[in-house]
Amino acid sequence: MKIDHISEDGIRRLVDEFYARVRADTELAPIFNRAIPGDWGLHLATMRDFWSSVVLTSGRYKGNPVAVHLRIEGMVPRLFDRWLELFGETCGELFDDSLAEAFRAKALRIAESLKLALFYRPDRPRPRSVP
Amino acid sequence: MTFVVTDNCIKCKYMDCVEVCPVDCFYEGENMLVIHPDECIDCGVCEPECPAEAIFPDTQAGLESWLKLNADYALVWPTITNKREPPADAKEFDGVPGKFEQYLSSNPGQGD
């Protein structure tokens, strides 16, 4: 049975399942493995806090995702598209249609915002891999 | 894309938004808060939290001047991540039109 309401348990399942797919994905795994070379436990906990803050307004995550992404080498806009594809698929398998769509919409907005910050702000330092 | 703080925050400054913001992108003036547009990730968590309904997405028409005000003051006001007591007369000013012209202070707030 698919999950039909937002809960911490649903967020945990989403994060675990989604990042298992990321780590098995030929496009995303290399960049994630470079950025997270050791224990993924901390990253998964951070991502649970992030989504809990965003969809349950728990205030648990406090950070600067723009700065974190700016530090990662090899970032290109296409990676965000692939991220969104995998995230959308995971949501579709775990959540009912309206909940999955709510998560997808939220992720899309955040991704657009991060892309804007990383690639389209001429006054900001560009990622090092982009000439 | 970003969210922007608009007129009805002025002299209300309830600060509920700063508690829920995951990326700490609120900055505090003497009688208003603003959002740093380069730090906001457009998650939308703050919008329904604002008791004064003063926060809007910048995709909404007619907010250009507010976006500029948010961007400008975010560079000079201190960051705020912890809610304090709102002004004692916040409720009296909630919904009063044209607060920008009459009341906006360019002075920084106390911040965290």
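This is a predicted model: local features need pLDDT of at least 70, side-chain atom pairs count only at pLDDT 80 or more; totals for chains, interfaces and linings use all residues.
Where is B:Asp42 found in chain B? B:Asp42 is found in the loop between strand 3, residues 33-35, and helix 2, residues 46-49, of chain B. Its relative accessible area is 3%, and because buried means under 20%, B:Asp42 is buried. The phi angle of B:Asp42 is near 65 degrees, a positive value in a residue other than glycine.

A second residue of chain B deserves mention here. B:Lys11 has a phi near 65 degrees, again a positive value in a residue other than glycine. B:Lys11 is found in the loop between strand 1 (3-5) and helix 1 (16-20) of chain B. With a relative accessible area of 22%, B:Lys11 is partly exposed.

Let me remain in chain B for one further residue, B:Glu28, which is found in strand 2, residues 26-28. Is B:Glu28 buried or exposed? Its relative accessibility is 0%, so B:Glu28 counts as buried. Which side chain makes a polar contact with the side chain of B:Glu28? The partner is the side chain of B:Lys13, at 2.7 Å. Leaving aside residues up to four places away in sequence, B:Glu28 touches several others, among them B:Trp77, B:Arg84, B:Pro108 and B:Gln110.

I turn now to the interface between the two chains. Chain A gives 20 residues to the contact, and chain B gives 19 residues. The area buried between chain A and chain B is about 1,500 Å², with 49% of that area coming from carbon and sulfur atoms. The rule finds 2 salt bridges across this interface. In a salt bridge, the side chain of A:Lys62 meets that of B:Asp24, with an N to O distance of 3.2 Å. Also across the interface, 8 residue pairs are in polar contact. On the side of chain A that touches chain B, the elements that give two or more residues are helix 3 (41-56), helix 4 (65-70) and helix 6 (97-119) of chain A. Helix 6 of chain A supplies the largest share of that side, 7 residues. By class, the side of chain A that touches chain B has 8 nonpolar, 5 polar and 7 charged residues.

Next, the interior. In soluble globular proteins, nonpolar side chains tend to be buried together. In this model, the largest nonpolar core has 79 residues, and those with the most contacts inside it are A:Tyr19, A:Trp51, A:Trp83 and B:Phe26. Helix 6 of chain A gives the largest share of this core, 10 residues. Not counting residues up to four places away in sequence, A:Tyr19 touches A:Phe32, A:Trp40, A:His43, A:Leu44, A:Met47 and A:Trp83.

A:Ala117 has its place in helix 6, and at 1% relative accessibility A:Ala117 counts as buried. A:Leu42, by comparison, lies in helix 3 and is exposed, with a relative accessible area of 64%.

Methods. Residues are numbered from 1 along each chain as its sequence is written. Chains are lettered from A and ligands numbered from 1 in the order in which they are written. Side-chain values use heavy atoms; hydrogens and water are left out. Contact means heavy atoms within 4.5 Å. Buried area is the accessible area (1.4 Å probe) that two parts lose on being put together, summed over both. A salt bridge is a side-chain nitrogen of Lys or Arg within 4 Å of a carboxyl oxygen of Asp or Glu. A polar contact is a pair of N or O atoms within 3.5 Å; within protein, one must be able to donate a hydrogen and the other to accept it, and residues adjacent in sequence count only if both atoms are side-chain atoms. Helices (H or I, at least four residues) and strands (E, at least two) are DSSP runs, numbered from the N terminus. Ala, Val, Leu, Ile, Met, Phe, Trp, Tyr, Cys and Pro count as nonpolar, Asp, Glu, Lys and Arg as charged, and the others, Gly among them, as polar. A nonpolar core is a set of buried Ala, Val, Leu, Ile, Met, Phe, Trp, Tyr and Cys residues joined through side-chain atoms within 4.5 Å. Buried means under 20% relative accessible area, exposed over 50%, partly exposed in between (1.4 Å probe, protein chains only).
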